[in-house]
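Student: I am new to this structure. Please take one part and go through it closely with me.

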Amino acid sequence: GGMRGGRDAASNSGHLATLKELQGKLKEAQAEMAKYKKVASTHEAKYMAKKVLAEAAEKLEGMDAELKKAADTCTPLIEEGGLKFLVGVSVGLLATALRDHMKAKETSHEAVYKEFTGGAESLSQDAFSAHLEKLPATLSREDIEFTPERRTAMFGHIDADGDGNISLAEFKSMFVQRFVCVKEITITDVFEVSKSKTIAKVEAGSELVTEHNQKTDDSNGLTRIECTAVVADKTGFVTMHGNQGTKFVEPISHYTNFCKGVDTTLEETAKALSKVTAWFAGKVKELMSAGRDGPLAEARTELGKLRAKTQAGQDTLSKLKIKLGNGKKDYAKNEVAEKNAHIERRERKEAEVITAPATAKFETLEAGAKALDEAAKALKDITGEELDAFATPLSVVEASEKELQAVLKCVEEAKAIIKEQQGKLPTSNVRGAMLDARRELQKMNAKCETTKKQCLGALDTVHKQCQVIIGARGGEISGMLRKQALEKGLALETFFSQVASPGDEKISEDAFSKYVESLPGAAFKPEQVRLLCRHIEAGGVGRRRFQAFMQQYFAVVKGIAITDAFDISVAKTIRKAELEEVIELLEGPQTDTKSSIVRIRGKSLADGKEGWISLKGNQGTPFLQEVEKPFYWIQEDMPLEQNFKSEGSAGLVRSLKADEVLELVEGPRKETYEPGLRVKGKAILDGAMGWFTARDKTGFVFGEADSKYYSCSASVAMTDNFDIKDCKVVRKLAVGELFTVEEGPTQVADAGITRVKGKCVKDDAIGWITTKGNAGTVYAEASSKHFCILQDVPLTKQFVTAKPGEEVRVLAKGEAMQVLEGPKEEAYATETRVKVKALSDGAVGWMTMKKATVKPWTPYYKCKAAAPLHDTIAVEGATVVREIEVAEVFELLEGPTAEGDVLRMKGRAEKDGAVGWVTIKDGAGKRFFES
């Protein structure tokens, strides 16, 4: 037993070792198996991922194919605009016209077909088109008037088998119309509903066929047609739509079939896209358990990217549906337009009849505008030296002005025609071609104004270019003429007569050109000289315009010295020129080669000083600026005096009248005055009280106080002799009467009186007067509080001479005034004086500048009230050139001249160049023009 037990233990130990060994091998095998299983699983995942992506690509490819199919189905409407369906509408219009023709002529399809073929066995395209072209006139049906292109397309539509000929069967098929019942309706035996019996009922969806035209029953407004129900095989009359608009049948056409088919296709495409979208959604969901790594995870990610294409496909389909919807809307409009095309053609012809005259005139206007542009082109686009050297500016201006006049005339004619034609348009319910005609006429009317502005602008450019030439030649030629006059020592008036032809009051264009050409060193282009002459004054240069051309003036804009010589290095200063001082050009401009300073020799209008003055510095700094010569016009009468210093009436040249025009000769200069004397007094004669001037600002004495003056304090006799016993009374002197002592006082001892020999201020009477009686009575005494009036002078209520208030009365020479206040000094403001020359008669003298009444003058007058333009200065018997409108501007040529009580001038209108005489102010004082 012991041995067996030992053997068993040894045996168990061996088994355990074997078991352990086997378990180890099993573990190794399992590990190996797991390794191979993992490898097999990876291969399976890769296979599955590849399969899913391939299937996805196949699905997307199928989706694209569905979308392409849908797009291709929609092409006839979206891309081609439903043209082939519109051709079908045209064929329908032709069939309707031919049905009416066959019914009216009681003829057959075969007879009409023969009319088309001309007897041939089949109908060719040329024969079809030729007959169809004549058919509108033959049948008097404007609704079947088609273009050559449409006639060709209609032939192709009818030629169903495409063999190039229309057979009789194909021709007959054109007349067949098909309808679908959309609302149950009955078929009756006759057209009139009230007399009809029901043959059969037609259910919704049933098809009807006919070769007849529809007709409206005037008694009830129902539209009916004779037709056959295909299923019921019954023929009779059905109502197409009721008098309230209810539709019972709708036509079946190529277009309706197309719409039905395309709607079905889009519905199928939408279902197919939905399936593809659902498939992608399911697959993505299946792969959600594939973990984060591995082939299936990668496939899931890629599938997500591909899934986005399904949304793009949905978007493409949505856009296609929108395009199709818009295409259907457009087609509906085009179909109506196709059916109404004959109406539009008729209206268009009627509209063209209205617009044609205006269009023709506007084309003439455009041609005129083009001609003007061509005429102006040579001058308007050049600059610099090319412009300065341009030889024929006058020819260009004349040609351009001629073309402009033609254009302006054409504009007015065109606008008149447009207005007339607009009156022929309907006034209400304007639409279609007539609305287009109205718009076209409005557009032409606006273009008339635009063209007018463009042409005026072109001529304005030409004139501006000419101004550049005039500016250059004007300075050169005026300088040469001034030099000529200076060398010959000629005054402007004399020089004018020398330039003008003998006996002429104006310098003609020929005379001006001839004289300029004769000047030493002159080398000007003839047309430029003539252009300048016309610029100075058209129709010949008058004295005023010649003087203005010859006289050049500058205003001082920066302080500069007037010197005695041209050369600055040796010149001495005469005086400094004041700001705004006006200098008349006598010589120059000349450039000092040493300093590069431009200088002129001029005369100051302020004081007549002559000398050299710098026009601008070597750096271009301006010291002088060119200005027009100052002229003035006065608004009220005022004195023109001989001398600068005011002298009252003693120095009067004449009285200037209101509205006279005056040329500045010298000045402005300031005049200062010594204080005057004013006295407040009481008149001895009548007790009148007020202020009077004893001495005015010019020093003139109107009254004075002096011991030689005696005043009578009591009435006393003036006798012819000293001896009172041997004398006669000359006259009685009144209380307050003044006299001057000629002799005495002398006492008469035996009588105890004092006598003087006196001379009465009042009447110069001379005699002896008792000043003091024997009882001490004083009859007259030297006056310390009395002034004697030496010249008539106003007695006023206020002290200030400029504002004296109400005048009491005029004090007469010889009156005595008792002094109540004063004498007081009165200061006078400095006055500005100018030496002027009256344009009316050449009178020269000095006047005082007053802001309120002396105004700057230019030769341009603006019309304030409508007035006539006359051909002569005299109003009576004058011919009216034309009427002048308010705000028109006229340039003065002659005058202003007084014609009786009327002030007249000769002028030229800026608007159209019209020349004649106008009234500046009439006899009643009404003003028509103002400078």
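Tutor: Start with a term. Two strands count as paired if DSSP finds at least two bridges between them. Keep in mind that this is a predicted model.

Now take strand 42, residues 889-899. It has two partners to look at. One is strand 39, residues 860-863, which pairs with strand 42 in the antiparallel sense over three bridges. Look for Lys862: this residue stands opposite Val889 in strand 42.

The other partner is strand 43, residues 902-909. Seven bridges join strand 42 to strand 43, and the two run antiparallel. Find Glu891 and look across to strand 43. The bridge partner of Glu891 there is Arg908.

Next, follow the chain from strand 42 into strand 43. The two strands form a hairpin, with two residues between them. Stop at Gly900 in the turn. Its phi is positive, about 70 degrees.

Strand 11 covers residues 553-556, and strand 14 covers residues 582-592. Three bridges join strand 11 to strand 14, and they run antiparallel. Ala555 stands opposite Val582 in strand 14. Strand 14 is also joined to strand 15 by seven bridges, again in the antiparallel sense. Here Gln590 has Arg599 of strand 15 as its bridge partner. Strand 14 and strand 15 form a hairpin with four residues between them. In that turn, Ser596 has a positive phi of about 65 degrees.

Go on past strand 15. Asp607 lies in the loop between strand 15 (597-604) and strand 16 (610-616). The relative accessible area of Asp607 is 30%, so this residue is partly exposed. Asp607 and Gly368 are 239 residues apart in sequence, and their C-alpha atoms are 58 Å apart in space.

Lys682 is found in strand 22, residues 676-683. With a relative accessible area of 34%, Lys682 is partly exposed.

Finish at the surface. Asp750 sits in the loop between strand 28 (738-748) and strand 29 (753-760). Asp750 is exposed because its relative accessible area is 66%, and exposed means over 50%. On the surface, Asp750 gathers with Asp720, Asp723 and Asp726 in a patch of negative charge.

How values were computed:
Residues numbered from 1 in each chain as written. Predicted model: local features only at pLDDT ≥ 70, side-chain atom pairs only at ≥ 80, totals over all residues. Heavy atoms only, no water. Patch = residues over 30% accessible without salt bridge, like charges linked within 9 Å, V, L, I, M, F, W, Y side chains within 5 Å. Areas by Shrake-Rupley, 256 points an atom, 1.4 Å probe, with all protein chains shown as cover. Salt bridge = Lys/Arg side-chain N within 4 Å of Asp/Glu carboxyl O. Lys, Arg positive; Asp, Glu negative; His and termini not counted. Charge placed at Lys NZ, Arg CZ, Asp CG, Glu CD. Buried < 20%, exposed > 50% of the residue type's maximum accessible area, 1.4 Å probe, protein only.
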